[in-house]
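User: I'd like to go through this one with you. Can you put it up?
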Amino acid sequence: MTALVIAEHNNQSLNAATLNAVAAASQLSGGFDLLIAGHNCGAVADAAAQVAGVGKVLVADAPHYAHALAENLAPLVVSLAGNYTHLLTASTTNGKNVMPRVAAMLDVAQLSDIIGVVSDDTFVRPIYAGNVLSTVQSTDGIKVITVRTTGFDAVAATGGAGTIEAVAAQADAGLSTFVGEELTKSSRPELAAADIIVSGGRGLGSAENFAIIEKLADLLGAAVGASRAAVDAGYVPNDYQVGQTGKCVAPTLYIAVGISGAIQHLAGMKDSKVIVAINKDEEAPIFQVADYGLVGDLFKEVPALCEALAK
Amino acid sequence: MKILVAVKRAIDYNVKARPKADGSGVELANVKMSMNPFDEIAVEEAIRLQEAGKAGEIVAVSIGPAACQETLRTAMAMGADRGVLVQSDDEVQPLAVAKLLKAIVDREQPGLVICGKQAIDDDSNQTGQMLAGLLGWAQGTFACNVTPEGDTLAVKREVDGGLQSITLKLPAVVTADLRLNEPRYVKLPNIMKAKKKPLDTFAPADLGVDITPRLKTVKVAEPAARAGGVKVADVQELVAKLRNEAKVI
């Protein structure tokens, strides 16, 4: 039995989330191969061959794989599935987009967002915004799995010696076309991979006021996040959103500013190592998960914190 | 273009779910239930397309126990034209939901299906993608903007790094993300009107779909609770704790 991990990449480099998905695959009893589907993605294949523990690196290179469109990627994965007992990928927006389509085409269930491997057919996954952990056993012949990256420590990106093998591309399904993308440009670390995250909530009151969150983040070399309430209110773009319906993060330090701590926000950050909360309402639920709570007006405390850190 | 919207009756988003004492499942007795929030966004989008003259009839579909009729009535009070309930008291997992929806799609022949991106109970985020896969249709997941352009659909998607724009060949399946729209409040006269709108009921067997679960729940449990922390008096104490005690900065 072997697992196939579908790698996420931008045709130039391997996305770090793939190494967390590989970590989950490494806990299964067989080995694992990696699939790189992309266009002019040779550099990614070379990097994938270095990943600790990898067997084969399957490479499907064609123009219609350049943007990981589900309509094209799913049939490719399905064409390879017969050799594998498990298909895994990271629970990124790409992974969540493609894998259920693969599962349906194979007539098997999908296990979403696993955070633990109990055995080859039994896995732990959070439900109800992480308020409940469900241990589920799959009765299907092929297990299709998305991996919550915060549940598994990344394997080493080097030290492996995979053999690169080209696989045949499937025809372009012709159902969807990539038009363009507007990616948030930032000199700050990526939310999903940051060591420190400073997040703002509705307490900020406006998009302009988010500047104080950004200033604190820059002092700490941190990424900037936000609660759903702040996204809803239009203070920041959706890709800042931490929570049940946004990104799940587990940094070393998470600083929640003006965030009350709704169930859906806690779901995305309560696995952080150290949590700091700054909120004027001392009854706010965020203080129940915070290691260090500071009750006060964020417009006074955050600038004071910046000053204290600058010293 | 007829639009089919899938709506799920789920635990209300303000309720904190707890496992049953015997660990066999989640306690849902006497818990407030509502339409899954992302499905409300899906219904709203269908109505806005209809109001803009870009859609014809809107059919809301729900799968689950008889109480899902309430969810369908809510969708119809918002503006859906009629409802279809696939009634089952058994657990219906996402793959079976997608198969049942496909059976309804085969009967109704819509030009567009809109689902919420994820239900806030099982957090699976699968149904729309699975339905698209079973139908062999294009899919526009995590949509924040949807614009019909003749026989194609322009979709803007919320992706990890920002936004992605794609064009889909119709018919297609779209799943709604948070910023697609803000659902309207239901007005009382519309609730009364919705009671008179047609609602058809099927059993899974009527549609020839086997809903036997593929995943077996071994147990459910609460995650380990975080130990409560301390309150600090001021930022100086906070910085001192972070530097010397937690050693994280």
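Analyst: One term before we start: contact means heavy atoms within 4.5 Å. Also, this is a predicted model.

User: Fine. Which residues is A:Ser134 in contact with, leaving aside its neighbours within four places in sequence?
Analyst: In chain A, A:Phe123, A:Val124, A:Arg125 and A:Ile127. From chain B, the contacts are B:Thr217, B:Lys219 and B:Val220.

User: Where does A:Ser134 lie in chain A?
Analyst: In strand S8, which covers residues 132-138.

User: Buried or exposed, that A:Ser134?
Analyst: Its relative accessible area is 5%, so A:Ser134 counts as buried.

User: New topic. How many cavities of 30 Å³ or more in the whole structure?
Analyst: The search finds one. The largest cavity holds about 50 Å³ of space.

User: What lines the largest cavity?
Analyst: Residues of both chains, among them A:His67, A:Glu71, A:Asn97, B:Arg157 and B:Gln164. Helix H3 (70-80) of chain A and strand S9 (162-169) of chain B are the elements that give two or more residues to this lining.

User: How do the residues of that lining divide?
Analyst: Four are nonpolar, four polar and two charged.

Terms used:
Residues are numbered from 1 along each chain as its sequence is written. Chains are lettered from A and ligands numbered from 1 in the order in which they are written. This is a predicted model: local features need pLDDT of at least 70, side-chain atom pairs count only at pLDDT 80 or more; totals for chains, interfaces and linings use all residues. Side-chain values use heavy atoms; hydrogens and water are left out. Helices (H or I, at least four residues) and strands (E, at least two) are DSSP runs, numbered from the N terminus. Buried means under 20% relative accessible area, exposed over 50%, partly exposed in between (1.4 Å probe, protein chains only). On a 1 Å grid over the protein atoms alone, a cavity is a set of points where a 1.4 Å probe fits but cannot get out, and a pocket is an open set with protein on both sides within 12 Å along at least five of seven lines; lining residues have an atom within 4 Å of a point. Grid points are joined across faces, edges and corners, and a volume is the space filled by probe spheres set on the points. Ala, Val, Leu, Ile, Met, Phe, Trp, Tyr, Cys and Pro count as nonpolar, Asp, Glu, Lys and Arg as charged, and the others, Gly among them, as polar.
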